[in-house]
Amino acid sequence: AEAFNANVAAAKALNAFIVETPEHALAAAGQADKDRAAGTLKPLSGVPIGMKDLFCTQGVQTTAASHMLEGFTPTYESTVSAKLWDAGAGMLGKLNLDQFAMGSSNETSYFGNVISPWRRADANGLGGNAPLAPGGSSGGSSSAIAARLCPAATGTDTGGSIRQPAAFTGISGIKPTYGRCSRWGIIAFASSLDQAGPMARDVRDCAIMLENMAGFDPKDSTSLDMAVPQWEAGLSADMKGKKVGIPKEYRVEGLDADVARVWDAGIAWLKDAGAEIVEVSLPHSKYALPAYYIIAPAEASSNLARYDGVRYGLRELPEGANLQDMYAATRAAGFGAEVKRRIIIGTYVLSAGFYDAYYTQAQKVRTLIARDFAQAFEQCDVILAPTAPSAAFALGDKTADPLAMYLNDVFAVPASLAGLPAMSVPGGLSKDGLPLGLQIIGPAFDEQAVLNAGLAIE
Ligand code: GLN
């Protein structure tokens with residue numbers, strides 16, 4: 001824990017942490033020593049992890065990387081973080097993210113962007129040194145793990161926020177089935193999509209972390225009332241008798257050549273591990289992104305209504321202001337541009353007169369997408385696809401164009417809309433030396449199949 005604390009303190013340039021909590025990590029290490037002596041070691045005894053700053057941590061500032069919640073210190077602990085502490089882990093600090101988890105590059109954080117520890121190989125002299133985005137929204141988590149500042153971290157994934165940053169930084173991360181991890185104490189973005197999950201250096205570490213994050217919680221009404229399987233003990237890279245589906249609609253025209261090459265390599269590895277490869281069809285895939293960018297902002301506009309200057313965090317009370325003025329001033333000052341964009345889009349699609357045309361329609365598309373997957377899983381055990389359409393881009397590259405930023409999520413959001421477990425594992429490098437991720441999607445509740453295929457690729 002001491003060495004990790006020192007590395008975290010020395011790596012300020014990456015801006016991966018919003019708050020450092022070295023004493024928390026040290027206390028867990030001390031407890032681990034006692035437990036070792038007493039023969040009562042726990043699964044994560046003394047392991048120093050990073051906590052995405054979207055999880056409420058008792059007595060430790062929790063901001064969602066927003067000005068709105070700057071200085072907000074929860075009086076309670078999220079279920080997922082409480083489970084990790086019960087398993088013996090300690091916290092190195094709270095990790096940076098896109099503001100309220102809205103973004104794909106960690107550039108919307110009020111506390112500044114995060115930098116990926118990766119650099120492009122400058123073979124062609126095209127600015128190899130440009131700092132790269134670590135992906136988002138869990139960009140603090142991905143950057144910190146890739147830079148070896150922590151062996152594992154928590155992430156949340158609403159529409160790719162665990163998988164895409166994992167892919168951008170050459171690490172692994174899994175979003176479990178919706179409902180596996182309790183959402184209690186996680187600052188809400190889009191409640192029907194939000195899922196917590198682990199990010200780590202390899203598949204085994206993800207399995208161990210997930211076992212200690214998941215589980216039924218009566219405080220979350222959408223929590224799955226199912227036993228947590230022993231995913232680590234169940235790990236097997238043998239794919240004999242397994243069918244891997246390749247969704248033909250993901251072979252989009254203009255697919256990046258490096259992404260296509262790494263996808264083909266992944267197919268070959270799974271074949272070598274004994275799998276049979278089958279083509280499957282997910283015909284409504286092309287509607288997933290537009291449906292996501294209606295449903296997620298709609299839920300966000302509702303969830304973020306609570307930040308009114310009364311209950312949490314920031315309060316702006318101009319001279320002579322009435323209640324309405326206070327709401328407006330607080331929200332104008334407390335939210336960043338991307339968050340405001342989502343609130344406005346969400347309010348619009350939910351408004352009387354437009355509700356049926358946008359929100360109801362998007363929900364119908366969501367049902368069709370879930371049905372596509374259900375049909376595909378009659379023919380295969382897992383699906384293999386790219387995680388993201390490109391390798392990490394340079395900071396600033398897409399900040400002026402929200403649609404270009406949203407397009408990053410094109411391969412990630414279908415599994416989110418269907419609530420399915422999905423993982424990203426490192427698949428190879430682009431021609432300029434940047435990591436590319438492979439995504440494995442499984443049927444509901446079958447994280448084991450996803451982890452096993454990940455292990456076969458790794
Ligand atoms: N990039 C997506 C978005 O901006 C996903 C974010 C997430 O999964 N939290 O909405």
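The protein chain splits into domain 1 (2-211) and domain 2 (243-289 + 356-457), with bounds that come from an automatic or database domain assignment. Keep in mind that this is a predicted model, where local features need pLDDT of at least 70, side-chain atom pairs count only at pLDDT 80 or more, and totals for chains, interfaces and linings use all residues. As for numbering, residues count from 1 along each chain as its sequence is written.

How far apart are the C-alpha centres of the two domains? They lie 23 Å apart. Where the domains touch, domain 1 puts in 38 residues and domain 2 puts in 36; here, two residues are in contact if their C-beta atoms, placed from the backbone, lie within 7 Å. On the domain 1 side, helix H5 (163-169), strand S5 (172-175) and helix H6 (203-211) each supply at least two residues. H5 gives the largest share, 6 residues. (Helices, H or I with at least four residues, and strands, E with at least two, are DSSP runs numbered from the N terminus.) That side of domain 1 is made up of 19 nonpolar, 14 polar and 5 charged residues. In this sorting, Ala, Val, Leu, Ile, Met, Phe, Trp, Tyr, Cys and Pro are nonpolar, Asp, Glu, Lys and Arg are charged, and the others, Gly among them, are polar.

Now for the ligand. Around the ligand sit 13 residues, and Ala101, Ser104, Thr158, Gly159 and Ser161 come nearest; a residue is near a molecule if its C-beta atom, placed from the backbone, lies within 6 Å of it. This shell divides into 4 nonpolar, 7 polar and 2 charged residues.

Ser161 turns up again in a record: an unreviewed UniProt entry places the feature "active site" at Lys52, Ser137 and Ser161. UniProt positions are in the numbering used here, feature names are shortened, and annotations may be inferred rather than shown by experiment. Those three span 110 residues in sequence, yet no two of their C-alpha atoms are more than 11.2 Å apart, so they gather at one spot.

Let's visit two of them. Lys52 is in strand S2 (residues 48-52). Is Lys52 buried or exposed? Lys52 is buried, because 31 other C-beta atoms lie within 10 Å; the cut-offs are 20 or more for buried, 12 or fewer for exposed, and partly exposed in between, with C-beta atoms placed from the backbone. Beyond its neighbours within four places in sequence, Lys52 has contacts including Leu95, Ser138 and Thr156.

Ser161, meanwhile, sits in the loop between strand S4 (152-157) and H5. Ser161 counts as buried too, because it has 37 C-beta neighbours inside 10 Å. Leaving out neighbours within four places in sequence, its contacts include Ala101 and Ser137.
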